[in-house]
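I opened this model to go through its confidence, the contact between its chains, its core and a few helices, in that order. My notes follow.

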Amino acid sequence: MGRKASLTVPGRYSQIQRLCNFVAEGAQQAGFDEDEIFRVQLACDEACTNIIEHTYQGEDQGMITVNWRIETERFVIKIEDSGERFDPTDIPPPPPVPPPVDPVDDDFDIQVGGLGVFFMRQLMDAVTFSYEEGEGNVLTMIKQRPAGPSQ
Amino acid sequence: MLDVNTETLRRVDLITVSGRVDSNTAHELEERLQESMDKGRCNLVLDMSRVEYLSSAGLRILVSTLRHCKRKGGDVRIALPSERVSEVMALAGLDTLFETYEDITLAVGSF
């Protein structure tokens with residue numbers, strides 16, 4: 001059974017589901033249940049969507065590489081792109097939406113705007129970013145494995 | 001894959017959404033919702049019982065549609081949200097934004 005794997009695809013929205021499925025395979029091997037696998041996939045989706053939208057500023061501007069590895073206690077995902085430096089963790093989390101909220105209010109659009117990064121932070125235990133000149137952006141997301149994981 | 005089916009009722013457009021709503025398919029959902037709004041149909045019920053996956057890209061479309069419809073005096077109401085839809089809306093803190101019904105007839109009749 002593989003304990004780590006890597007997949008590189010063109011930075012295109014139609015490829016994101018493939019990346020999500022790839023990460024789901026690793027999450028399943030790491031012992032996560034169906035609900036947690038969905039959350040890992042969603043975090044990966046949001047990260048890759050951000051790369052296309054913000055780092056590459058459009059489709060087919062570069063490649064995206066997703067690596068996962070299973071450690072004793074953690075499942076680690078690294079997502080790499082070759083675009084300009086873009087640190088999604090710089091984006092402040094959206095303020096909580098207190099009810100009652102008026103969706104017609106213009107301020108509301110701003111609150112919805114930062115949801116992708118907010119999701120990544122909520123769904124994973126740790127989200128960190130690094131940038132190497134000539135290497136590109138590396139986003140690392142970590143989730144603790146469940147107790148009694150399958151080996 | 002995403003499938004969107006619109007049924008025009010007397011007061012409401014009933015829109016059944018099935019499959020995956022993500023950054024790759026959100027524009028398809030947006031186009032179909034826009035078709036209703038372009039016809040002045042701003043009372044929308046979305047049957048989301050068969051949505052297997054929803055990301056923030058899909059959520060943004062739902063919120064922008066709600067904003068548009070509310071400005072026109074209408075509303076977007078959700079019928080039978082799947083477990084994934086409910087989870088993602090709650091995660092975003094937007095679960096109270098949409099009126100939600102556990103029955104399509106009740107949702108349609110609420111207008």
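**Confidence**

I began with chain B of this predicted model, where I found a mean pLDDT of 96, with 100% of the residues reaching 70 or more. For the complex, I noted that the predictor gives an ipTM of 0.92 and a pTM of 0.91.

**Where the chains meet**

I then looked up the contact between the chains, and found 20 residues of chain A in contact with 21 residues of chain B. On the chain A side, I saw that α1 (16-29), α2 (34-55) and α4 (115-123) each supply at least two of the residues that touch chain B, and that α2(A) gives the most, with five residues. Sorted by class, this side of chain A has 13 nonpolar, five polar and two charged residues.

**The core**

Which residues have the most contacts inside the largest nonpolar core? I found that this core has 67 residues, and that V23(A), A43(A), C44(A), A47(A), C48(A) and L46(B) are those with the most contacts inside it. I noted that α2(A) contributes the largest share of the core, nine residues. I followed up C48(A) and, leaving aside its neighbours within four places in sequence, found it in contact with I16(A), L19(A), I64(A) and I79(A).

**Helix α2 of chain B**

I checked the length of α2(B), residues 56-71, against expectation: at 1.5 Å a residue its 16 residues should span 22 Å, and the end C-alpha atoms are 22 Å apart, which agrees. Going through its residues, I listed S56(B), A57(B), G58(B), L59(B), I61(B), L62(B), V63(B), T65(B), L66(B) and C69(B) as buried. After this helix comes G73(B), for which I noted a positive phi, near 85°.

**Helix α3 of chain B**

In α3(B), residues 83-91, I found V85(B), V88(B) and M89(B) buried. Looking down the helix axis, I saw that the buried residues fall within an arc of 100°, so they line one face of α3(B). The face turned away from that buried side carries E83(B) and A90(B), which are exposed. What covers the buried residues of α3(B)? I found that the cover includes β3 (43-54) and α2 of chain B. Lastly, I looked at what follows α3(B), and noted G93(B), whose phi is positive, near 75°.

Notes: Residues are numbered from 1 along each chain as its sequence is written. Chains are lettered from A and ligands numbered from 1 in the order in which they are written. This is a predicted model: local features need pLDDT of at least 70, side-chain atom pairs count only at pLDDT 80 or more; totals for chains, interfaces and linings use all residues. Two residues are in contact if their C-beta atoms, placed from the backbone, lie within 7 Å. Helices (H or I, at least four residues) and strands (E, at least two) are DSSP runs, numbered from the N terminus. Ala, Val, Leu, Ile, Met, Phe, Trp, Tyr, Cys and Pro count as nonpolar, Asp, Glu, Lys and Arg as charged, and the others, Gly among them, as polar. The expected span of a helix is 1.5 Å times one less than its number of residues. A residue is buried if 20 or more other C-beta atoms lie within 10 Å of its own, exposed if 12 or fewer, and partly exposed in between; C-beta atoms are placed from the backbone. A nonpolar core is a set of buried Ala, Val, Leu, Ile, Met, Phe, Trp, Tyr and Cys residues joined through C-beta atoms within 7 Å. pLDDT is the predictor's confidence in each residue, from 0 to 100. The arc is that of the directions from the helix axis to the C-beta atoms.
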